[in-house]
Every structure is written in structure tokens, then in C-alpha cells.
Amino acid sequence: MRTTADVGNSAVEACRCGEQILNRVSTTPFVRSVRVCAQVAQRFADSVNMSQPATRAHSLRWRLLIPTLLLVNGALFAVYQVATSTSSSALRDEVGTNLAKSSENLADSLTQTVEDTRADAVSAAALDMPAEAIESGDAKNIVLYANQMVRSKGRYATIFVTDDLGEVVAANSIDKDGKELANLEGKTLGELAWLKQVIAAEKGTAVWIAPSRPEFLAERLPASERVFGFALPIVDLMDSTIGAMGVLVPASYLGTVLEGFAPGGGGLSSFAALVDASGAPLAMPSSLMVDPSWNTFAVGGSLKSVAAPNGADYVGKSAELTGSITREGWRAVVFKTKSSLEAPITAMSNKLMMVAVAAVFLTMFVLIFITSRILAPIRGLTKATTGVDRPSDYEPVEIVVNDEVGILTHSFNTMIAKLEEFQHGLEDKVQERTKALGSRNRDMRRVFENVDQGFIMLDKEGVMALERSAVVDMWFGSYSEPQGFADYIRQTDDSFAAHFEMSWESLADGFMPLALCLEQLPSQLRVVDSIYSLHYSPLKNEGDAEDEEAWEGLLLVIADISHQVALERAQAAQQELGNAIKAIMKDRQGYIMFHNDTGRLVQEVVSGAQDTDLPLLKRSVHTIKGNSGIYGFQSIAEHCHQMEDEMVETGALPTEAAKKELAGHWARLDESIQFILGNDADEEISVSAESYQDLLGRLHALGGDIFQEVFAWQLEPLEVALGRLAQRTRQIAKRMGMPDVNVVVETEQLSVDPEYWGAFWGELVHVLRNSLDHGLSPMEGRGSTIRLSGSTKEQEFVFEISDNGVGVNWERVAEKAKAIGIPSETHEELVEALFHSGLSTCEEATQMSGRGLGMCAVRQKVLAMGGRIEAQSTPGKGTTFTFSFPERILFGDLYESTCEALGQGQGQEGAQSVYRALEARRSSEGELL
């Protein structure tokens, strides 16, 4: 008969052999749990060796327990290996899929950035402002537009316009933060390949500008910055290319897009990059660019696995950017550390280990139950443990006899203690998991609180979820209980809510296709001065992804498009104004007839004069629509079309709101057109140049004063010319922060050739700028005044510009003149020096004056016209510039060319006689206005 000691020795030997085998097989967490069981068996065997001689029942229990435990653990080990291998492969595939999807999403975001740049470039090139800046030399409008684009978009480094030779005509003067930038006007782009392509391209064709660092932007860009973008040709009214429009984005801007994949810190678990076709990085997240080691980070060719500067190993997936730059081969890459990829697998292994341990303990319970049926003594122990629900509630059973029941009781007590420890560990893990979920929820809430779009989830009943973007409450009000979207939005717009309810009924019925029902849902909402767009996306269960008609709810995305709509309206208004100008230039009288007739019809429709005759009202609206469409006034034509549709559908008169909107459209157009035509447009009669020349010829042959009077039709009253010059002076003063400057015009009733004198008026702007910048510093109790006067004295035309400022500092002029080596002894020499090229009394040049070039240009023009300049200045009282010309050049060469065209050369003497006759007539009407 075998003793209990023999059984214990055999158990110890079996445990040792099993442990050696397990050491050779694996060191997984599950195997460690098996070792724990082996150690329990070892302790059991040791206790057996210390007990009294056992019966055959003792041996039977041992033979049942040990083999069964080993068999169960072996089976669980096999299951563990298969489950771990299968789950690990599935997790790796899922991670790879997620990385690929992330790279595709990132590629879509970067592609959208490039496409938005292209769209902005196309829109800007289609405006009239670039061509206006090139043709007129006045770039202020396009500069303001470029500054607005840079500030509002936040992604542009430079928006510029060049002429057809590559010289920069205009560019933004500030960056996205409002900081002033180096002036690009006058700089030449040189022999840039893309510029040649743009000049040779057709209208509306966008030319890609690959990443580079152009020389003309060196003063604006940081040392390592590069830019990319698009350029389009600028055409004139004849569709001839006169220049180029370029929109450039800094490569560093893409780092802000990539920043969402790199939360910061040296221990990054993931990050993203933009690489070119060779794999070299084009852009990295902004937070990584601070570290120089990341600036030279090469991603390699395969893009599968790389070692980063922070020492971590990453696995990456890439996706190619599409759209306008597909041929460039740019790719978006998303990297994730290998350690973070292995974390889910490790967590899964730990969970399987816990399941295995639980299975082992369950097996032990089963064995105890079985042996209790076989061995009666064990029933007492079972009875003692009945009613214990939690390990912490268990009271250890006292061991009375050190037999097998006592040994089993001891083992059971030990097992319960282990379970209690396991329970505490599990509770800790649950707390950690709860904390992690709370952190994730806070992060999601932070996203909802900071996005500028409204996100709301609707179930199949149209009821809103409580989770939504913070801007939803800011736009439409808050709510704390689930409610229908129609009821929620009714407090903002009742008609919108009614439309939504009717469309939602069609969606809920499921009779029509899902896509059609989504199209019928209202897509735009107006709240006071704000306009919002609404987009609906169906939410589906995982198994319904392929079913186009399945849906469990909708994701409602709301965006504020007020600025976009306002910009589109402004562009449309500008286009309509351009169409009106073209029509006026082509047929002024015809356009005036259209404008008067259509304006009369608009007044009758708006005032309700035709409300008693609905057919007549419909015909009037249709006439307004047709005539407006012919002249390109699409906003008016489209609104009239909507009014027609409403009258057809309802059979009633248009609403007062529709009439008011029509009146507003026409009032804005009428205000712009009246500014172009002038207030006396109805009093003018258009006469062709040929008819006018024929009339002059006949009047000249007849003789008399009528010829002189008709000839004067070609002249411009001096009052008008000086009034225009006065207006420009006020504009300059306002730009210089001097809005209170008083400009006074005094002139005799003189007329001049506008074309001959136009260049002189343009040069006088330099003198006016100097008067504002240098002279005007009003004394106490005296306002700032500039006086413009024109008169004739002793067969000379005399024009004066005077101010009441501090006067010219002649000593300063003399000092500057000596410094550059020109005479400065007499007053006449000082006046000459004042108009000398390069001489300025300013210490620092400004945008208005200070370079000493403008006054020289004035002097050259006056001398070319045969005139002379005088300057008188009294300290503390002001300065007067006098420009004297021969009286005969008031008409320029207009009289001589007119007589030559009539075949009767009269020369300057003829012009003088005409001027004398006109002067005599003016004298009889009064000399001064």
C-alpha cells in the first residue's frame, strides 16, 4: 500500500517535470498562470508529506485532481495560442487599415488646401481689379482685396499681380496677422518658367507653381521657407493677356494641417508628414519643426518603417494627393509607433490570461463538486462555504484535522485569498479604464466646443442628441433635454421648421429614394444678417454599409456661410457693373433708354400701381427680367424669375418682401450707373465724331461766333478739372490722417483741352503731397487750407497752389543743396534746388513723399510746356507755388488739329483769336465763379 508521502513525492516530481516542459515551450502570461497552479500543487504535495498515513481514498482524490488540472491547462494553452495568433493578426490588419484611412483623409485635406488655393487664384484673376491695377497704375483696390484675402484665409504668403514683362504691379502689404511686409511693387520676377507659361496660357488657365523660394520674395520669407501656388493670366476687355495674377501659400502652412496628427512632445505616438515623389519631406507638423533634428528627417523610400530622431520606431502608410497636382507625386504619410501598435495585442493577451485563470479556478470548483459526491467528508466543507457571494465576505474555515479534507480546506482558503487579490486588481483596472474613457470624453467635448461648425445627430424620429457643437447653442440657443429638431429651430424660423417637418415625413415614409429625400431637406437658413448652410449625412449600422437605402439617423452639419455669400454677391455686383460700363461704352444712348424704361417698370411694380391687373404685372416682371438679362444684370433677372414662379404657383400677387428686394437690387444698380452717367444723362445727345467734324466745317465756312462756341464743346471747364484735383487732394489728406484739410477752388470761367492738360494735373499731385506732408502744420486757432486757383494775366495762364502751413525751410533747402553740390545763394537758385532731382528735406522717405523725385517730375513737365515756376513762402504763414504758361496753350494743339482736319490751317494765331472771342463772352457773364 502506497503512503501519503509516496503520493506527495510523485506529485512533486510531476510538478517539476511540468515546469521544465513549460519553460521550454513558452513564457507567455498564460504559462505563468499554469506555473501558479503547479506551485499550488507543490504546496499540496508538501502538506501531504507532513500528514498522517492516508487511505486509498486519498490516492483517488490525488489521481483525479492532478491529471485533470494538467489536461485543462493544456487545452487552455492551445486555445490561448490560437486565439492570440488570430486576434493579433486581425488587430494588425485593423491598425494598418486605420493608418491607410488616416493617410487618405490627410491627403484629402491637403488636396483640398491646394484646390482651395487654385479656386481663390481663379476667382481673383476673374475680377476686374487686377486688370485695373495694370492698366491704370492704381493698385489700391487689388492691394485691399489681397490684404483681405490674406487676413481672412490665413494661409497665404503673397497674392501679387504682374504686367506682361514680369514686373510686380501690386501685392498684399500685410501678412495674415496684419503685420506690414516688404513692398514688392516694381520688382521683376525675371525668367521664371511658370511666368512664361502664364503669359502664354489661355484665359482662365491656372498654372501650377512648384515649391520654391523666388528671389523677389527673399525679403518676405524666413530663411528656410518655400512657397507654392497657382498663377493665371490677366486679360483686358479684348481678351489680350496683359499680365499675371499669382496666389502663393507657404509650405509651413501645411504644417498646421499636419499638426492635428502630432500632439507635441518628444514621445510622439503618431505624427504625419508631406513628402514629394522621391520621399523627401516637404512639410512637417509645426510643433516638430521647432526641433532642428526633425527638419532634416528623411522618411525613406518604402515608407513602411522608419527610425525617427526621437529614437522611436514608426510604421507608416501613405496616400497620394490628387486634383491639380497629381502629376507632382506628393504623398501624405501617417506614422504610428510600433509600441503603440503592440499595446492592443498586449492588452488582449492579458485579458485572455485572466479568462484562463478564471477557467482554472472554475475547473477546480467543478472537481471539488465531483469529489464531494464521491467523498462524503468534503460535504462539510461545501456546506461551510455555501452562501459566500464575494471573496471579501468569505470567512476562512478552520482546519480541525490535517487530513485530505483539511488539506483541501487549506487550499480552498488560499484560493479565496487569491481571488480577493485578483478582485482588487480587477477593480484597479476598471478604475483606470474608466479614467481613460473620461479623458477621451473630455477630449471629444473639447473638440465640440472649439470647431466652427455645428454638429447634431438626429435619430429616425428627428430627435436631437444632447451631444453637439458649442456653436449650435451660440447660434440658435441651448437645450438640455432631447427634442425634435423642427421644434428646436421653430423658435428661430417658423417657415424653415415647417419645411423641415414636411420633408422629414417623406424621409420617414421610405417611399422615395434616400438620396432624393435628403435633397428635399432645407439646406439654407437665414437668421437676421447671418446665413447658414445645412448638410445631412446618413448614419448606418455596420452591417448596412453596402445598403444605399439603409439609415439609422442623420448627422446634421451646419456652417456659417455669411461671408461667402456676401463675397459672391459683391463679385456678382462688380460683374454687373462691368457689364453696364461695357454697354454704356458701346451704345450710351441705347443704354440710357433701357435704364429709364426699366426703372419706370420697376417703380410701377414696386409701388403696387399694377396690382389691380395681374396679367399686366406678370408682363412687366417678365419684361424687366428679359431686359436685365440682355445687359447681364443676373441678380435682377434671377429675382424676377423667382417672382414669376411664385405668381404662377400661388396665382396671387408677389409678396411685399419680394417687391422690396427687387427695389433694393435696382436701387444699388441705379446708384452705380448714375455715378457713371452723371445727373444730366437725360439731357445729353450723342453725336458721332464724323458728324461733329462735318458741323465744324460748315460753321467755319459760314464764319461768326457759332463756330467758336461749337468748337468749345471739345474743351473741359477749368472748374471741373480743378474740382477733380481738389477731390484727389482730399483723398490723399485722408490717407495721411488729415481728414479736416479744407481745399478751396477759385477760377475764372476758362476752358482747357482735357487731353493736353491731363498729364500736368497728374504731376501736380506731387506738389500737393509735399504741401500736405511738409507744409501743413496748422497754427493754434487756425485750420489747414489748400487753395487752387486759375486765371489769365497779361496773355498768360497762371495757376497757383497755396497753403497756410509752416512755410518752406529755406535754410534746410540750402543745406541739402550744398550737400549735393548745386547752387543755393539766391532765392531763384533755392527755388531751382527745391525742384531738383534727389533733394528732399525729409530725414526718412514715406509712402507719400521724401525721395526728391516728384518735384523734379513737375519741373520737367512745366518746362516741356513752355512754362515757368515761382515759389513764395513766409515762415508761419504758408507757401504759394505759381505756374505760368503762355495763354495760347490753354487749347493745347486742339484748335490747330481741328483746322487741319477741316483742310484750313490757321496756326496759333487762329487759336489766339478764338480764345479772345471766348474770353470776351466770358467777361460779359462774370469773371469768377
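1. Helix 17 gives the most to the lining of the second largest pocket: ten residues. Helices here are DSSP runs of H or I with at least four residues, strands are runs of E with at least two, and both are numbered from the N terminus. This is a predicted model, where local features need pLDDT of at least 70, side-chain atom pairs count only at pLDDT 80 or more, and totals for chains, interfaces and linings use all residues. Residues are numbered from 1 along each chain as its sequence is written, and side-chain values use heavy atoms, with hydrogens and water left out.

2. How big is the second largest pocket? Its volume is about 1600 Å³. A pocket is an open set of points on a 1 Å grid over the protein atoms alone, where a 1.4 Å probe fits, with protein on both sides within 12 Å along at least five of seven lines; lining residues have an atom within 4 Å of a point. Points are joined across faces, edges and corners, and the volume is the space filled by probe spheres set on them.

3. The second largest pocket is lined by 32 residues, and Arg526, Arg569, His639, Glu661 and His665 are the closest to its centre. Helix 15 (494-509), strand 13 (524-527), helix 17 (562-586), helix 20 and helix 21 (656-677) each supply at least two lining residues. The lining has ten nonpolar, 13 polar and nine charged residues. Nonpolar means Ala, Val, Leu, Ile, Met, Phe, Trp, Tyr, Cys and Pro; charged means Asp, Glu, Lys and Arg; the others, Gly among them, are polar.

4. Helix 20 (residues 634-650) also packs with helix 19 (residues 614-630), at about 155 degrees with axes 8 Å apart. Helix 19 is therefore roughly antiparallel to helix 20 (over 145 degrees; under 35 is roughly parallel, 65 to 115 roughly perpendicular, the rest oblique). Axes are lines fitted to C-alpha atoms, for helices over the stretch in contact, and angles run from 0 to 180 degrees between N-to-C directions. Contact means heavy atoms within 4.5 Å.

5. Helix 26 (residues 810-820) and helix 27 (residues 827-834) cross at roughly 70 degrees, their axes coming within 10 Å. So helix 26 is roughly perpendicular to helix 27. Trp810, Val813, Ala814 and Ala817 of helix 26 touch His827, Leu830, Val831, Ala833 and Leu834 of helix 27. This contact has eight nonpolar residues, one polar and no charged.

6. Helix 4 (residues 129-136) packs on helix 5 (residues 140-153) at about 140 degrees, with axes 8 Å apart. Met129, Pro130, Glu132 and Ala133 of helix 4 meet Asn141, Ile142 and Tyr145 of helix 5.
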